[in-house]
Every structure is written in structure tokens, then in C-alpha cells.
Amino acid sequence: MRMIHRLAKLGLLLLIFLHAGQAAAHAFLVETTPEDSTELHAPPAQIVLRFNEDVTPARIDLVNDQDDVLTTSTDWTVKGDTVRLTPPKAMTTGVYRVAYRVTSGDGHPVVGSIQFGVGVKPGEAQAPKASSGGVEWIAVLVRTLHYFAVLAGMGGGLFWAFVVSAQARPSMDAVRHHLVWMILLAAWSGVFLVGLSGAVLDGGGVLAVLTTRAWSVGTGTSTAAASVVVLLGALFSLAGLWQRRASVGLLLLVCGALLGAFSFAVTGHIGTAPPRWLSVPLVFLHGLAAAFWVGSLWPLSIVLRDESGQQALDTVHRFSRIAMVAVVALAASGLGMSFLQSVLSIEAVTQTGYGTVWGIKMLLVSSLIGIAVWNRVVATPMLYTGERAASLRLRRNVFIEMVLVIAILMLTASFALTPPPRTLPQFAPAAPIASQPAGYSTVATSGDWTALVDVVPARVGSNQIQIALTNADGHAQVAGLVSEWTQASKADMPAPIVVTHDQQMSGNVALPASGRWRVRLRWEDANGNSHVIRLTVTIPADAADSPREAS
């Protein structure tokens, strides 16, 4: 009991710490001083980077045209969404670049740079040193392993507590040993993810995880907070598995599973989606339901392998009754999370990387639920025959479920590589058309490319278009930029309005009607590769007299 009290106190302190460190969404740069690609007559006294939300910087470097880093970590400060960098006093004539690596509240790394000239006009922007793609994908694989271990280990504790009968436990040491190894793997992988997150943010390669710098950066992210929650949950679950008193063991196992489910709400895109009073409970419920389902698969396969007849049938029936509730909770919470991420639309699925991954995941989840229904309606009744073949067929289906679960978790882990639609203005809830300002700005992403489109005055008639295109490195050289405009409500329109943009990516378009316009951007990069981004621009019905407002 003294151990339980200590764990409870530690959990309370942890929850207080997590509440104090809550943040919002996916960050991007909205304002800089000096402005990007401007010429200054004198060195700036201070360089300011302002983002759309609070950020945690990993590295802010001022680099000259010889790629020498002129500042250190003591030269910049951060307060909320604003980073201030104090440059050296002696700055000679030349071009300078500010390269930044920050993390947003959802743990997503944001990398880019701006440039300015002192006494000279800056030329083509240089790209900041990009992080190795290898470490990002290794992080995805480790995150997949971590998700599976948390669900299978701490969720398996729920199977041990509510499905395995007290009479059967002494003969099921194989299940308990499996759960112990899964829980230990969940704790180890969670800690390792802290270093990997730091390596990704710091822009290092795979071997950067061996440096203290990567771990120092990683401990400042929400991944570290989630790791602490998992460690605490692992302590509860391990203590519960070896607790001789059934009531105390049940309490410890439930606490471990609850903390494991809560760890998913501490970090990630959806856990930080507004409103948090709704997103956090949804992620928690989703994680708890998934924990029971996924955590039961491997123990269930062991039961079907080692037991037959009435004991296997009783175990499957106890699992099936709880699994029905878990599946309903899983589907309902998943639908709610998809709504908060603004992914429940054809445009979001087809025009964003996040939506594409979500669509594939939904296909796999549908297949998984279909197999679960088949097991309950067809495969489980076959166990009444007492034939060994019936248990083996059901066990085979359980293995298929495990393969689908791993694929689903890998897709879930890859969500960290792309921002969700809710962070893009064109997928945010729209105000009534009559209240739209006379000016429209929107952001769209496709792969490594991001397009910022500004339409002024955003009304029927002539409009000025300004487009800024950037790749994953923060800058890009493009050629042959063309935008094609088609009114969304008139699919039978003869042909789109085609605008060819100049080298400054500016242009003019005459829009004959208000409403939603679908825009298709086409261009080639410096290597001659073609790229396309699709987005939507809203033209108010009466915007001529309304003031301009930044979107």
C-alpha cells in the first residue's frame, strides 16, 4: 500500500506538470523582423520570429554567406510564440540567413529560414541544412513499436484482469510473461523516442541520437512528457501482474492501462486539437478502447493454442462481451477525432498528405472491424463443436488482426510527418460569406511543398494574386508557375481561368462571380520536376466595402 501511495503522489505531480505545459496546434512562421529577403542599410539590433502559436526552439542560428554560424544558444530567447535573436554587433556588408528549428505543441518539427542583406540586396535564398530523412522514418518505426507495446502490454493487463478467470491464471504464466516483456518494451521505446525526437528537431542524422544535444532537445518536447506517463503506467501494470491480492492487482492494472491510454493525449496532433476539453477525452477513450482490443489479441492466441473445449469457449465469450463495447467506443471516438482534425471531407482526403494517410487507415480499420464481426458471428460459435480445428481457425484470424493492427499503428505514427487539415486555413470552419474580409489568405501543402496564397481584394472583378512557395528546407526556386481557377459550384464551366505568374510569383485574375473557387497551382522546381497543389479560395458576395483582414 505504501508503494501505491507513492505512485499516486507521483501521478498527481505528473498531471500538474502536464496541465501546466499544455500547448495548441501545428506551428508555422507568420511574421519576421526584418522581413524575409530585404535589404538593410545597417545591421539589425534584434531579429524577431513570430509563429502562429507557442513554440519550443531547438536551434536558432544566424549564418553568413560563408556558412559560418555567428550566434550561440545564449543569443536567443523565446516567449510564447515569439523568438528573439540578438545578432553580433560587428556585422559586415553581406547576406545573412536565420535558420530555425522549433517544435509546436503537437510535437511536430518546424524547419525553415529567412534571409536579409546588410548593404546589399539578397539573391536567391539558400536552403537550410535539412535533417536526414532516415532519422524521421526511424522515429516512425520506433513510434509504431511504442504504440503497439503500450497497447499490447498495458492493455493486455485489462485482459488479465477482466477476461482471464482466477482459476485459470496459475496455468497461464506464458500470458503473464508476454505482458511483462511488452510493458518493458513500452517503457524502453518511450524513453528512446525522446532522443529520436531531439535528433529530428536538431537536424542531425541517425547517429545524433547518441549525443547529449539530441537528448537535451528531446526533453523539452511533449514526447518526453508522454514518456514519463508511460513509465508511470508501466510501474502500475508490472506491480499489478505480480500482486497476489486480486483486488489490489485489479486496481493497479486498471491504473496502468488508464495511464497508457492517457499518454496518447499528451502529445501528437489530435491530443492538442482545440477544444482540448473535447480532444483529450476523445483520445483517452480511443486509446483505452484500443488498449483492450489490441492487448487481448496475443493473450487470446495463446489461450486458443493451449486450451480447448469449455475453458477456451468461456475465455472467448468473456472477451467478446467487453470487445463489443470497446469497438463501439473506438469507432465513436475515432469519428469525433476525425471531425476535430477537419479530415471528414473529400478535399481534405485528396488534397493533404494527412488526409491520404487517414483514408488508407480507415480502409484498414474497416477490414479489422469486419474480421472482428466475422469472429463473433461465425468463428466463435464453431467452438461449441469442441473440435481443435475451430480453435486454430479462430487463432489464425486473431493473427490476421494483429498484422492489420501493426499496419494501422504505422500509419498512425506517420501522422507526425504532416500537419492535419485543421491547421490549414482552407479547412478551418468558415465564417458566413457576407462577413468575409476584402482580402483572402490561405495555406496549402502537398508533400514537402507549402503554398501561401494571398488574394487582394478578394472580390468579384480584378484581383491581385501573390504566391509564396517553399519546400521542406524553407526556400525554393521555381519556374513556370501557373494557377488555374475553376468555380466550385459550376462543374460544367467550359475551361478554367489560367493565370501565368511572373518571377515574383505575382499575377492578376478577373473573377466573374462570388463563392468558392478551386485553384490548381502548377510549377517546376530547380531540378525540372513538376509539382501540383490544390486549394480553395472564397470570394464573398459583397466584399467591396469591407476592411482587409489577415487570414
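Is D314 buried, partly exposed or exposed? I looked up its relative accessible area, which is 30%, so D314 is partly exposed. I note here that the model is a predicted one.

**Entry on D314.** I placed D314 in helix 8, which covers residues 310-340. I then checked S165, which is 149 residues away from D314 along the chain. The C-alpha atoms of D314 and S165 are separated by 9.2 Å.

**Entry on salt bridges.** I recalled that side chains of opposite charge can pair when their charged atoms come close. The count for this model comes to 5 salt bridges. I looked up several pairs in turn.

I began with R50 and E31, whose side chains meet in a salt bridge at 2.8 Å, N to O. R50 is in strand 3 (residues 47-51) and E31 is in strand 1 (residues 29-33), so I noted a link between distant parts of the chain, 19 residues apart. R50 has 31% relative accessibility and counts as partly exposed. E31, with a relative accessible area of 41%, is partly exposed.

I went on to R97 and D67, which form a salt bridge at 3.6 Å, N to O. R97 lies in strand 7 (residues 94-103), while D67 lies in the loop between strand 4 (56-63) and strand 5 (76-79), so the pair ties together parts that are 30 residues apart in sequence. R97 is buried, with a relative accessible area of 11%, whereas D67 is partly exposed at 47%.

I then took R520 and E484, whose side chains meet in a salt bridge at 3.2 Å, N to O. This pair links distant parts of the chain, with R520 in strand 15 (residues 515-525) and E484 in strand 12 (residues 478-487), 36 residues apart. R520 is partly exposed, with a relative accessible area of 26%. E484 has 15% relative accessibility and counts as buried. I also found that E484, R520 and R522 are linked in a network of salt bridges.

**Entry on a surface patch.** Which residues make a nonpolar surface patch of about 230 Å²? I found F162, L250 and I322. L250 sits in helix 6 (residues 246-266). Its relative accessible area is 33%, so L250 is partly exposed.

**Entry on two helices.** I looked up how helix 10 (residues 353-379) packs with helix 11 (residues 388-414). The angle is about 160° and the axes are 10 Å apart. Angles over 145 degrees count as roughly antiparallel, and helix 10 and helix 11 are therefore roughly antiparallel to each other. The crossing of helix 10 past helix 11 is left-handed.

Technical notes:
Residues numbered from 1 in each chain as written. Predicted model: local features only at pLDDT ≥ 70, side-chain atom pairs only at ≥ 80, totals over all residues. Heavy atoms only, no water. Patch = residues over 30% accessible without salt bridge, like charges linked within 9 Å, V, L, I, M, F, W, Y side chains within 5 Å. Areas by Shrake-Rupley, 256 points an atom, 1.4 Å probe, with all protein chains shown as cover. Salt bridge = Lys/Arg side-chain N within 4 Å of Asp/Glu carboxyl O. Helix = DSSP H or I, 4+ residues; strand = E, 2+ residues; numbered from the N terminus. Buried < 20%, exposed > 50% of the residue type's maximum accessible area, 1.4 Å probe, protein only. Axes fitted to C-alpha atoms, helices over the stretch in contact; angles between N-to-C directions. Parallel < 35°, antiparallel > 145°, perpendicular 65-115°, else oblique. Left-handed = near helix turned anticlockwise from the far one by under 90°.
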